[in-house]
Amino acid sequence: MMKQYKVGIFLFDDVEVLDFAGPFEVFSVTRLDDEEHPFDVKTVSEDGGLLRARNGLRVQPDYSFDDAPEDFDIFIVPGGLGATQQVVHNDRALSWLRERREKTPTLASVCTGSYVLAEAGLLNGHRATTHWAYFDEFEHKYPGTALVRDVKFVDEGALLTSGGISAGINMSFHLVARLLGTGVARKTARRMEYDIEI
């Protein structure tokens, strides 16, 4: 039996729905030839309570910061208004993410989730991307990060950032291919009827 990778996704009020639901779907529906599930996907919020995503969708996270597993292989920070208006000013969340970085082999962001990683100091000296509408603002606010424009995602090895909303799906397929091979990624994309270039 091959390793099952543990994927965590950070949730918060006003998180963009597709930012977290897209990666959740990619990793959750991925199967190997024997129908084995290679990914176990869980959600984490600061207090573990019911929250409201963008446009009022209610979401119940699996864990809080206090009881979340310590051994995620991949941890994803989505974007949305909550990321840029709340989480970037939340010292506890930023500190928790910095601690996670030390224990997590792969840390990734979707859309303006890159602001959260940058605010935590995790993108200093790295290339990164974000939603196209925020390119200029991001570049001005975080000069220590080399912004890459007009790409779906940027892979810096242990750190990945993706562009706006649906680009997180492309990044997730890239991670599936990186860990399990392009054949598994293409099979998953076909199941989802999603076009990818791998």
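Author: We can start with the chain as a whole and then turn to some of its parts. This is a predicted model, in which local features need pLDDT of at least 70 and side-chain atom pairs count only at pLDDT 80 or more, while totals for chains, interfaces and linings use all residues. Residues are numbered from 1 along each chain as its sequence is written, and side-chain values use heavy atoms, with hydrogens and water left out.

Reader: Okay, how many helices and strands does the chain have?

Author: The chain has seven helices and 11 strands, where helices (H or I, at least four residues) and strands (E, at least two) are DSSP runs numbered from the N terminus. Its radius of gyration is 16 Å, close to the 16 Å from the globule rule for 198 residues, so the chain is as compact as a globular protein of that length. That radius is taken over C-alpha atoms, and the rule is 2.2 Å times the number of residues to the power 0.38.

Reader: And what share of the residues counts as buried?

Author: Of the 198 residues, 52% count as buried, a word that means under 20% relative accessible area, with exposed being over 50% and partly exposed in between (1.4 Å probe, protein chains only).

Reader: Which residues of H7 are buried?

Author: In H7, they are Val184, Ala185, Thr188 and Ala189. Seen down the helix axis, the buried residues of H7 fall within an arc of 135°, so they line one face of the helix; the arc is that of the directions from the helix axis to the C-beta atoms. Their cover includes helix H1 (17-29) and helix H6 (167-180).

Reader: What about Met192, where is that?

Author: Met192 belongs to helix H7, which covers residues 182-192, and Met192 is partly exposed, with a relative accessible area of 24%. Apart from neighbours within four places in sequence, Met192 is in contact with Glu25, Val26, Val29 and Phe173, contact meaning heavy atoms within 4.5 Å.
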